[in-house]
Amino acid sequence: MKQIGMMIDLNRCIGCRTCVVACRNYHELFDHQTADPDNIPYYLRVESRVQGAFPDLTMDTWIRPCQHCPEPGCLDACPEGAIAKDLETGVVQIDEEKCAGCQAETGSYPEEKAKSAPCTATCPAHLNVQGYVNMAALGQFDEALKLIKKENPFPAVCGRVCHHPCEEACSRGEKDTPVAINAIKRFIADLDLDPETRHVPAIKAAKDQRVAVVGAGPAGLTCAYFLAREGYPVTVFEQLPVAGGMMAVGIPAYRLPNDILEAEIRVITDMGVDIRTDVALGDDVTIDTLREDGYDALFIASGLQLTGRLDVVGENLPGVHSSLDILKDAALGNPVELGEKVIVIGGGNAAVDAALTVKRLGAKNVSLVCLEQRGEMPAWEHEINDALEENIEIINGLGPMRFVEEDGRLAGVEFQRCTAVFDEDGGFAPAYDDCELTSMEADSAIVSISLVGEREFAEDGGIALTSAGRLWADPLTLQTRLDWVFAGGDSVHGSTSVIEAIASGKQAAASIDRYVRGLDLKAAEERDWTMAGKVFREQYDTSERVAIPRLAPEEREGNFNELEQTLTQDMVMAEAKRCLNCGCACMQSCPFGVLQFDGKAGISHKCNFCYDLITTGQKPVCAEVCLTDALTVGESELLKQEAESRGLAIIEELSRASHLYVK
Ligand SMILES: Cc1cc2nc3c(=O)[nH]c(=O)nc-3n(C[C@H](O)[C@H](O)[C@H](O)COP(=O)(O)OP(=O)(O)OC[C@H]3O[C@@H](n4cnc5c(N)ncnc54)[C@H](O)[C@@H]3O)c2cc1C
Ligand code: SF4
Ligand code: SF4
């Protein structure tokens, strides 16, 4: 396909905005009588940057119209198929007949509609939720999957384990109940598990620079996925015999079956990522040997692999275990012998998972004891409900004082009353009343308090640590103090979630790509995820939220069968139709934020490169009126040659699609 583009010369652009005004007039972007001067749509905006230090400052200005991307995000996101690339010119066009403005009602607030839907804005990885939900409503499951996989390599995993902050924020919740976004995603992802037909993302031309990743958890594997897509050879080093991190050895199989995880990891290896298991950083390789082996960048995503210590008497007795060890042994099929009466100490998700796992492994009587009162427990609400459904006794407000020994092994635990968990500033500072004691007999105790990371490899390799003992990395770039080493996921951010680890891996991949290309890491443009506040929708499908099928508690006994089931296609399509379409799907997928929303016509619109002019041999209006001749139009490849012949350097960080920014 031919691709027309524009060469924008920063030496010439003076930021005068003549082109912006001419463009508005030519495309009749506002009604002079009624337009609010602060809210006039535009097809191009002037951007600027200042470089250097006073008094040697330089200021550059340039225009940002639609970039007519080779692989337009907006095109992939539109459920109506209203956006297409013209084969003759490569211009991206919106078909006004097909555009439904994401079901905009007449008089929609253009400002609100142009913001991100709450679901997309609150998803840590900013999946285009509105886009894929509406594709599902129309039965376009392949398109929906591709849209999801642009941002998330683990949709089938997330469809099962994500804590779905998108649903908390979903505007439909204000009317009745949120859209069952995660269950919709799970259905879409489950259609793609067949190795014969599954979607493997396209890989760009191979690059020479090699990247090493330590840790095959969601952060490390996501980073590998995005770098592999860019064409980098990536090797992942994992200390365990299996890949997946906590997805494989933490989250139990009744919530995330192994074959689901393996299928999604398989896509990453099919993309050429080399995952080497049983290789530990610190023992088998070091930061220095990886450098010597010729890796150009390293991403450390080693997670938090140890359970913190309680520092109470008897903690080392036989019969006292950590939840991570028990969950890992259960996942790897190692024998777990705990006896009939088990006490789990802790109030987080790992504690609940350990309790439900040992119940399935045969423990008759499982109690979960924690410092927090019920409303303070860090475990997610749905996990606590699972525990209650399966007759796990939850005892709140007790802290362990000592593990009781009998015949050289654990016989019970003595607790004291916890009177407060947090101090006045909300910091963790438990206070006890040691006059009020409770003793409980136990065959085994499982300690499941805060998770901590291993530090030795970091200290030996010169990676700085935070005061909390985690790896230090710049919050924006994830670069550590060693310029070629990046770090992310739980090892940097503390215990988070799979989707936050995915977001971190994606952020690291973007930084590493910039690093190896020699670009300024901090100059990356950040998307504005301001959330639509008001949904202008009186008419909507008032159906109730779908009930997600689950195994009855008695069906879960003694097995690791999946607790929640996948919806049927009919259920998914009906549920997806409940979406209120808070924003516009295309706008949420445009990395340059150049789409506009026309409230009166109820459609989105944008620069079409003055298609009528350029296809009749004329210049687009902006280039025609430019006072300094800063804009040259032509075939993108020829423009590159012209830039070279004129001795102009291409500014890589601005030239991310079809237009060339040169200086
Ligand atoms: C029991 C449990 C249940 C959870 N349930 C959920 C849930 O339902 N939903 C959810 O969203 N989140 C859940 N989480 C949290 C989620 O799993 C984590 O936040 C996420 O996995 C963190 O990803 P990560 O890639 O940073 O680290 P990890 O998943 O921990 O992966 C790190 C990997 O690095 C490897 N590694 C560590 N050190 C080295 C080394 N020196 N050399 C080589 N490899 C190394 C580890 O073996 C591991 O495979 C749960 C966590 C636990 C512990
Ligand atoms: S109603 Fe639809 S677009 Fe709005 S937040 Fe919910 S899922 Fe997203
Ligand atoms: S609207 Fe945005 S995503 Fe679509 S082609 Fe233009 S710049 Fe690219």
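Modeller: Happy to; what follows goes label by label, and please keep in mind that this is a predicted model.

Biologist: Why is the contact between Asp190 and Arg160 called a salt bridge?

Modeller: The closest N and O atoms of Asp190 and Arg160 are 2.8 Å apart. The cut-off is 4 Å between a side-chain nitrogen of Lys or Arg and a carboxyl oxygen of Asp or Glu, so the pair qualifies. By this rule the count comes to 38 salt bridges.

Biologist: What makes the Asp190 and Arg160 pair a tie between separate parts?

Modeller: Asp190 sits in helix α10 (residues 181-190) and Arg160 in helix α7 (residues 155-161), so the bridge ties together parts that are 30 residues apart in sequence.

Biologist: How do you know which classes of residue make up the shell around ligand 2?

Modeller: Among the residues surrounding ligand 2 are Ala117, Pro118, Cys119, Ile181 and Leu580, together with Gln130, Ser171 and Asn581. The tally is eight nonpolar, three polar and no charged residues.

Biologist: And which classes make up the shell around ligand 3?

Modeller: That shell has ten nonpolar, three polar and one charged residues. Of its 14 residues, Cys66, Gln67, Cys69, Cys74 and Cys590 come nearest.

Biologist: What makes the backbone at Cys102 and at the Phe54 and Pro55 bond worth a mention?

Modeller: Most residues other than glycine have a negative phi, and most peptide bonds are trans. Cys102, not a glycine, has a positive phi of about 45 degrees; this residue is in the loop between β5 (92-94) and α3 (110-113). Phe54 and Pro55 are joined by a cis peptide bond, with omega about 5 degrees, and Pro55 is in the loop between β2 (45-53) and β3 (56-64).

Definitions and conventions. Residues numbered from 1 in each chain as written. Chains lettered and ligands numbered in written order. Predicted model: local features only at pLDDT ≥ 70, side-chain atom pairs only at ≥ 80, totals over all residues. Heavy atoms only, no water. Near = heavy atom within 4 Å. Nonpolar A, V, L, I, M, F, W, Y, C, P; charged D, E, K, R; others polar. Helix = DSSP H or I, 4+ residues; strand = E, 2+ residues; numbered from the N terminus.
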